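Reader: Hi! Could you walk me through the side-chain contacts in this one?
Author: Happy to, here it is.

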Amino acid sequence: MEKILVSACPAGVPCRYDGRAKESPRALGLLATGRAVVVCPEGAGGLPTPRPPAEIVGGDGADVLDGRARVVDATGADRTEAFLDGARQALAAAGTAGARRALLTARSPSCGCGRVYDGTFGGELRPGDGVTAALLRRAGIAVEAV
């Protein structure tokens, strides 16, 4: 049975920055069939729940991986290292499970696929991936947003 890496919040885990889950029928279906490998990169990186919202400043997740951008929370605290650590742990979980696909939370600075918030905390989106999504793509894992 193919395992799929799944963000924890759409799988029903209340781990979002605001302390809530954001359940998705697709993610819950994967969980119910035993195919989901559930990860919360932000929690794995040591961030608490709840926590101030964070956005990528200066680019997207690929830029964070390359040292050209940072992840900053709404209080101004730099959370880049926690996001990088969580991304590495998510990649390790995918490797352990043999997952070659990931279903990730849309717009998240960790898991966002294709579009993330622009770093101004104004609700605007920019093209790009979150830190975890970018790392997974680099490792050859197909990512899509839920």
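This is a predicted model: local features need pLDDT of at least 70, side-chain atom pairs count only at pLDDT 80 or more; totals for chains, interfaces and linings use all residues.

Reader: Great. Which side chains meet in a salt bridge at 2.9 Å, N to O, with aspartate 18 as one partner?
Author: Aspartate 18 pairs with arginine 20, at 2.9 Å from N to O. By salt bridge I mean a side-chain nitrogen of Lys or Arg within 4 Å of a carboxyl oxygen of Asp or Glu. Residues are numbered from 1 along each chain as its sequence is written, and side-chain values use heavy atoms, leaving out hydrogens and water.

Reader: Thanks! Is aspartate 18 buried or partly exposed?
Author: Aspartate 18 is partly exposed, at 26% relative accessibility. Buried means under 20% relative accessible area, exposed over 50%, and partly exposed in between (1.4 Å probe, protein chains only). Arginine 20 is partly exposed too, with a relative accessible area of 49%.

Reader: And how many salt bridges does a search of the whole structure find?
Author: The search finds 12.

Reader: Nice. Which arginine meets aspartate 66 at 3.3 Å, N to O?
Author: That is arginine 68. Arginine 68 counts as exposed at 52% relative accessibility, whereas aspartate 66 is partly exposed at 38%.
Aspartate 66 also forms a salt bridge with arginine 138, at 2.9 Å from N to O.

Reader: Where in the chain do the two residues of that last pair sit?
Author: They link distant parts of the chain, 72 residues apart. Aspartate 66 lies in the loop between helix 3 (61-65) and strand 4 (70-73), and arginine 138 belongs to helix 5 (residues 131-138). Helices (H or I, at least four residues) and strands (E, at least two) are DSSP runs, numbered from the N terminus.

Reader: Which residues do shared partners join into one network?
Author: Asp63, Asp66, Arg68 and Arg138. Arginine 138 itself is partly exposed, at 48% relative accessible area.

Reader: Switching topic: how many disulfides does the search find?
Author: It finds 0, with a disulfide taken as a pair of cysteine sulfur atoms within 2.5 Å. Cysteine 9, for one, is in no disulfide, and its nearest cysteine sulfur, that of cysteine 15, is 4.9 Å away.
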